[in-house]
Amino acid sequence: MKGTSLKVLTTAALSLTLLAGCGSNSDSGSTDNKASDTGTSTDTAQTQTADGPSWKIDTSPFTFSQYFYGNWASNYLWKDQYAMKLATEKTGVTIDRKLATGNDEDYLNTMIASGDLPDTIMLDWNNPAVTKLINNGMVYSMDELMDKYAPELKEMLDPDMVKYHSIDGKLWYLPNNYETADRLTSGVPITPIRPWFIRSDIYTAIGSPKIESTDDLMNALKAAKEKFPDVNPVGVEFFDVAKNGFQGSLSMDFLIDSFSPHLLEEQVKDDQQILTYPMRNKGFIDAFRYMSQLSRNGLFDPQLLIYKQEQYQEKLYGAQYAVASNYMNNIYADFNPKIESTVGADKKYQVIGGLKANGQDPRYPASRLMGWQGFFITKSAKNPERIIRWAEYAWSDEGQMDFRYGKEGETYDLVDGIPTFKPEIRDMMLKDNSGWYAKYGFQASTLMWRSGKLWDAAAARDFKEDQPEQYAAAQLLEKYNYDKYSLGMDNLEPDGSSAEGVINAKVKDLWNKTIPKLILSKDDAEFDSIYNDFVGQMDQVGAEKVEKVMYQRHLADLEKKGVK
């Protein structure tokens with residue numbers, strides 16, 4: 001999810017809630033794992049060599065390079081954080097993790113075109129560049145390396161995950177955050193959108209009005225501007241179609257799911273055998289019309305259209321917006337604690353409930369994650385054997401506990417058989433999340449997130465106990481969730497190297513350039529003119545060819561999921 005996005009789920013850096021809240025995959029056990037010592041059952045036994053897991057064969061000092069697609073991810077860089085040092089202490093491995101300088105897409109494409117690749121890449125598994133890497137023979141298949149060097153790892157992997165993510169019968173990457181079917185009913189409540197929040201003191205000052213519809217929100221923002229003219233009325237995350245999808249900004253989902261609550265179903269046109277771009281949907285476009293109305297009323301700062309995520313976050317840390325949007329855990333675990341300690345507890349943000357638009361309740365398309373970024377091993381790797389064995393450690397129960405909790409007795413204790421951070425570490429996590437990341441690096445070291453009964457149970461317990469405000473907010477929004485898994489709407493865009501992929505890139509670029517024009521339009525007539533021009537250009541470059549391919553990929557997604 002996954003700025004601090006979880007694309008999908010992920011855009012902003014992935015939140016603690018999301019990371020710890022994965023569903024229960026088949027857990028892999030190890031005789032070295034504390035879960036085994038406490039009697040926690042595992043579904044898949046880890047086969048060991050005579051001397052133990054294969055990653056223990058060689059623990060001499062070894063460094064491999066890694067490019068992480070997401071220049072916002074400074075928390076994930078290896079420095080001297082606790083979790084990173086623990087991983088090196090056990091395995092001998094250090095990761096030289098790098099971020100793009102400048103635009104991620106340009107950086108990645110230049111790297112691929114030149115053939116100058118790092119040893120490993122962390123890249124969204126459905127990024128169009130994945131096809132280039134595979135078709136150009138630039139990455140190893142996981143099967144090839146696991147069969148030769150780490151058969152134990154192969155036995156740990158969830159069969160459904162392997163089936164879904166295999167391409168031409170081979171698994172080319174290990175996907176982070178693939179969740180199994182029980183995710184929607186277990187663990188931490190899912191909040192699939194970036195909610196909108198209102199500053200508590202401003203909400204009180206304007207009379208704590210009900211905010212149950214988009215009209216209510218508009219009126220509340222007008223009142224906030226009148227009473228607090230020096231505060232920006234609305235704050236939303238950065239706009240970039242290439243990174244965030246067709247909604248442009250991840251903050252737009254909150255409005256889109258209000259104005260077009262049945263968007264996903266409405267995109268499928270079985271009679272025409274096409275799956276339409278969301279930009280053809282009236283409700284989807286009405287969400288952008290609403291943003292334009294905010295702008296016309298002086299409630300939206302045009303600078304937000306060009307802000308980088310860091311600029312937006314800087315203002316959000318200072319509580320400089322009356323209403324702001326971000327991933328829920330970022331607000332409650334990061335921004336609110338910082339706001340409380342620097343500008344005052346009364347200026348913290350509280351969630352706005354689901355918004356009705358045109359009399360309709362919103363619907364949030366929640367689902368277990370099909371994965372976030374994939375871990376790729378490139379043909380440039382000096383020692384792929386050592387890397388795949390390190391991946392075995394990272395995927396194992398032992399590796400998962402190391403990068404989530406550290407050492408038992410030192411950073412955590414088992415309470416009723418469930419890991420619990422030492423009080424001082426837990427306190428820092430809740431009050432200074434950024435400092436906690438910088439010091440401990442938990443959940444940021446290996447980037448090999450997977451579910452497991454032990455830490456999933458801990459996440460559900462801790463979320464309710466440590467974040468009662470966020471837990472209540474999640475419950476408030478959860479009632480609008482629906483399971484989109486069976487709709488077959490994952491991984492729809494055509495391969496970037498195909499003719500349709502080229503057209504799709506043109507459509508995305510056109511839409512990216514159109515969004516600011518729509519939002520800054522002076523009236524509905526100008527809005528409609530800009531929109532109609534866009535549709536004409538989209539059709540001219542061949543959008544319907546892409547829509548036909550997306551329909552076929554929709555059918556393929558249904559088949560992979562076993563949905564009739």
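Biologist: Are F375 and W390 buried or exposed in this structure?

Modeller: In this predicted model, both F375 and W390 are buried.

Biologist: Why is the pair of F375 and W390 called tilted?

Modeller: The ring centres are 6.0 Å apart, which is within the 6.5 Å limit, and the planes stand at 50 degrees. F375 lies in strand β16 (residues 373–377), and 15 residues separate F375 from W390 in helix α17.

Biologist: Which residues form one aromatic cluster?

Modeller: One cluster is formed by Y82, Y405, Y412, F421, W436, Y437, Y440 and F442.

Biologist: How do you know that the charge of K560 sits over the ring of Y164?

Modeller: The charge must be within 6 Å of the ring centre and within 35 degrees of the ring normal. The charged end of K560 is 5.3 Å from the centre of the Y164 ring, and it sits over that ring. R363 likewise lies over the face of Y482, at 3.7 Å from the ring centre.

Biologist: In what order do the strands of the five-stranded sheet run, and what makes β6 and β8 its edge strands?

Modeller: The order is β6-β5-β7-β16-β8, in an open sheet with mixed pairing. β6 (93–99) and β8 (174–175) are the edge strands because each pairs on one side only.

Biologist: How do you know that β5 and β7 pair?

Modeller: Two strands pair if there are at least two bridges between them. Three bridges join β5 to β7 (residues 120–124), and these strands run parallel; β5 and β7 therefore pair. In this pairing, Y67 has I121 as its bridge partner, and F68 has M122. Five bridges join β7 to β16, which run antiparallel, and here T120 stands opposite I377.

Biologist: What makes β7 a mostly covered strand?

Modeller: Five of its five residues are buried. T120, M122 and D124 point one way from β7, while I121 and L123 point the other way. In a regular strand the side chains alternate between the two faces of the sheet.

Biologist: Which helix lies across this sheet?

Modeller: Helix α17 lies across β5, β6, β7, β8 and β16, and runs at about 150 degrees to β16.

Biologist: Which residues of helix α3 are buried, and what do they pack against?

Modeller: In α3 (residues 82–91), Y82, A83, M84, L86, A87 and T91 are buried. The buried residues of α3 pack against β6, α17, α18 (397–405) and α20 (433–440).

Biologist: Which residues have the most contacts inside the largest nonpolar core?

Modeller: They are W196, L294, F300 and W511, in a core of 84 residues. Another core, of 81 residues, lies apart from it and includes F68, Y164, F421 and A444. In soluble globular proteins, nonpolar side chains tend to be buried together.

Biologist: Where does W196 stand in its strand pairing?

Modeller: W196 stands opposite S325 in β13. Three bridges join strand β9 (residues 196–199) to β13 (residues 321–325), and the two run antiparallel.

How values were computed:
Residues are numbered from 1 along each chain as its sequence is written. This is a predicted model: local features need pLDDT of at least 70, side-chain atom pairs count only at pLDDT 80 or more; totals for chains, interfaces and linings use all residues. Side-chain values use heavy atoms; hydrogens and water are left out. Rings of Phe, Tyr and Trp (its six-membered ring) pair if their centres lie within 6.5 Å; planes under 30 degrees apart count as stacked, over 60 as edge-to-face and the rest as tilted. Helices (H or I, at least four residues) and strands (E, at least two) are DSSP runs, numbered from the N terminus. Buried means under 20% relative accessible area, exposed over 50%, partly exposed in between (1.4 Å probe, protein chains only). Contact means heavy atoms within 4.5 Å. Axes are lines fitted to C-alpha atoms, for helices over the stretch in contact, and angles run from 0 to 180 degrees between N-to-C directions. A nonpolar core is a set of buried Ala, Val, Leu, Ile, Met, Phe, Trp, Tyr and Cys residues joined through side-chain atoms within 4.5 Å.
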